[in-house]
Amino acid sequence: DSARNGFSFKGIKDYLECYRSGKLTPSQVAKNIIAMLEDCDKSTPPLRAIVQWDQEQIMLMAEASTTRYRNKCTLSCLDGIPVCLKEEFQVVPYYHRVGTVYLGTEPETEDATVARKLREAGAIIIGVSNMHELGTGTTGCNPNRYHKIPRNPYKPNHFTGGSSSGSAAAVAAGLCPVAIGTDGGGSVRIPSSFCGVVGLKGTFGRISCHGSLPLSYSTVSVGPICTSVADAAIVYNILAEPDPLYPYGLKQPKATLSDMCAPDLKGLKLGVDWTFFKACDAEVLSACEKAVKHLQSLGASVVEVSLPEMEEARVAHVICILSEMRDFLQPDFNKHFHEMNLETRASLALGSQFTALDYIKANRQRTRSMRFLQEIFTSVNCILTPAVPSTAPRIYESDLLTGSSDMSFTVRSMRFMQLGNFTGIPGLVVPIGYSTAGLPISLQVMAKWWDEAVLLRIGLKLEQFRDQTKKPSIYYDILA
């Protein structure tokens with residue numbers, strides 16, 4: 001932990017200190033959160049980070065936690081910590097709408113595995129968070145009547161990024177220090193980057209997807225969005241383990257946090273493909289290059305690598321994710337076409353143009369890309385890239401009514417994300433600074449399969465690069 005001047009986000013440690021010292025109880029914190037949730041629904045424009053919440057549910061969990069603190073029998077270091085989950089997960093007793101107006105017509109009676117694990121750890125689930133309809137975009141723009149457009153806490157007239165839009169907005173706005181998202185094409189890492197918080201996409205299969213809508217079974221990973229790398233490590237450590245209900249993660253090695261707190265980065269080799277790295281806006285590039293130098297100053301060495309066939313991998317990822325979504329959503333596409341946002345219809349219509357041959361070729365490319373990475377990871381510990389090539393885009397009046405469909409932005413925003421989804425390697429995004437307009441900029445670190453520990457180790461050091469944290473223009477201090 002490093003003492004900072006000026007503003008710093010409240011994290012797990014701050015909540016625990018309040019509870020352990022008796023300064024606040026989880027019940028008092030829950031009352032504050034309920035007041036803030038009411039406030040951000042009424043604000044102009046509304047924040048729209050949390051789209052479903054229930055006062056009674058929040059208080060029940062908080063009171064149980066307060067009792068445990070009183071009796072000194074807490075369940076974990078997430079006991080009493082407010083969290084939210086993306087609407088893609090089943091969370092009792094909320095509607096599993098997944099960003100649509102037609103799904104989740106009845107309240108859920110069973111939790112997704114991650115929701116159950118958070119409850120077992122004593123966390124206070126404050127509700128479910130907004131998302132891009134069916135996870136089909138990277139802006140977070142969802143004009144549906146249940147959702148509306150979540151606002152970027154740094155600049156409310158800018159998008160949060162998607163598709164885990166509300167999760168990132170809730171964390172950046174201080175409503176909770178922990179949120180859970182899913183990531184099939186950058187859906188945890190893009191909104192985390194745009195909203196200036198930390199986002200971790202685990203290795204494919206590392207954290208159970210059971211109980212989330214299986215939109216794309218070969219590209220989606222689950223991960224935490226937090227105010228700090230240390231908090232991401234805590235949540236990851238609690239959620240990352242095999243789940244008998246989720247076959248893809250059964251054979252995983254044990255999750256460790258080995259060497260995470262090493263004093264420096266000596267001996268680590270950071271791979272950079274500079275041609276690939278530099279395809280981003282000038283402000284983003286400048287901040288990211290300086291951050292790489294910072295990591296070098298801590299003893300890491302930068303090794304030039306070549307990421308082959310990135311264009312082929314990009315196209316193959318799109319074919320895989322859209323074909324799988326189109327397959328799973330076939331009945332919805334036929335039955336609920338007119339209830340979907342225009343952008344969702346366009347994406348699924350595009351998905352229906354791919355053939356079985358395209359899908360087979362795309363998966364051959366996946367095998368090739370994974371082989372290339374196996375080779376690269378014999379000589380480096382991680383690969384560094386900017387997180388997103390640009391900062392969060394503006395929201396226009398028309399977006400509020402009809403939504404937004406900008407294919408060139410979608411393609412560009414996913415540029416540094418797709419490799420991780422396509423091959424299943426883990427990725428971490430850490431905020432490193434701001435544009436002149438005051439919008440957050442982040443760097444991404446990717447490592448070999450199951451090596452989240454090295455990401456977190458580098459991430460902790462990367463956090464120290466940013467000389468100050470700017471306070472978001474929408475921020476609720478729950479502990480004040």
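## H10 and H12

H10 and H12 sit roughly perpendicular to each other, because angles from 65 to 115 degrees count that way and theirs is about 100°. Their axes are 8 Å apart. Keep in mind as you look around that this is a predicted model.

Which residues make the contact between these two helices? From H10 come Leu322, Met325 and Arg326, and from H12 come Ser347, Leu348, Leu350 and Gly351. Sorted by class, the contact of H10 with H12 has 4 nonpolar residues, 2 polar ones and 1 charged one.

## What covers H12

Helix H12 spans residues 342–351, and its buried residues are Glu343, Thr344, Arg345, Ser347, Leu348 and Gly351. Ser347, Leu348 and Gly351 turn up in the contact with H10 as well.

So what covers the buried residues of H12? The cover includes H10, along with helix H11 (330–335) and helix H15 (407–413).

## H10 meets H13

H10 (residues 310–328) also packs against helix H13 (residues 356–376), with axes that come within 9 Å and cross at roughly 130°. The crossing of H10 past H13 is left-handed.

On the H10 side, the contact is made by Glu312, Ala313, Ala316, Ile319, Cys320, Ser323 and Glu324. H13 brings Asp358, Tyr359, Ala362, Asn363, Gln365, Arg366 and Ser369. By class, the contact of H10 with H13 has 6 nonpolar, 4 polar and 4 charged residues.

## Gln55 in helix H3

Now over to helix H3, which covers residues 55–70 and has Gln55 in it.

If you skip the neighbours within four places in sequence, Gln55 is in contact with Ile34 and Glu38. Val114 is another story: Gln55 and Val114 are 59 residues apart in sequence, and their C-alpha atoms are 21 Å apart in space.

## Thr469 after H17

Last stop: Thr469, in the segment after helix H17 (452–463). Is Thr469 buried or exposed? With a relative accessible area of 8%, Thr469 is buried, because buried means under 20%.

The side chain of Thr469 has a polar contact too, with the side chain of Arg466 at 3.3 Å.

Conventions. Residues are numbered from 1 along each chain as its sequence is written. This is a predicted model: local features need pLDDT of at least 70, side-chain atom pairs count only at pLDDT 80 or more; totals for chains, interfaces and linings use all residues. Side-chain values use heavy atoms; hydrogens and water are left out. Helices (H or I, at least four residues) and strands (E, at least two) are DSSP runs, numbered from the N terminus. Buried means under 20% relative accessible area, exposed over 50%, partly exposed in between (1.4 Å probe, protein chains only). A polar contact is a pair of N or O atoms within 3.5 Å; within protein, one must be able to donate a hydrogen and the other to accept it, and residues adjacent in sequence count only if both atoms are side-chain atoms. Axes are lines fitted to C-alpha atoms, for helices over the stretch in contact, and angles run from 0 to 180 degrees between N-to-C directions. A crossing is left-handed if the near helix is turned anticlockwise from the far one by less than a right angle, and right-handed if clockwise. Contact means heavy atoms within 4.5 Å. Ala, Val, Leu, Ile, Met, Phe, Trp, Tyr, Cys and Pro count as nonpolar, Asp, Glu, Lys and Arg as charged, and the others, Gly among them, as polar. Angles under 35 degrees count as roughly parallel, over 145 as roughly antiparallel, 65 to 115 as roughly perpendicular and the rest as oblique.
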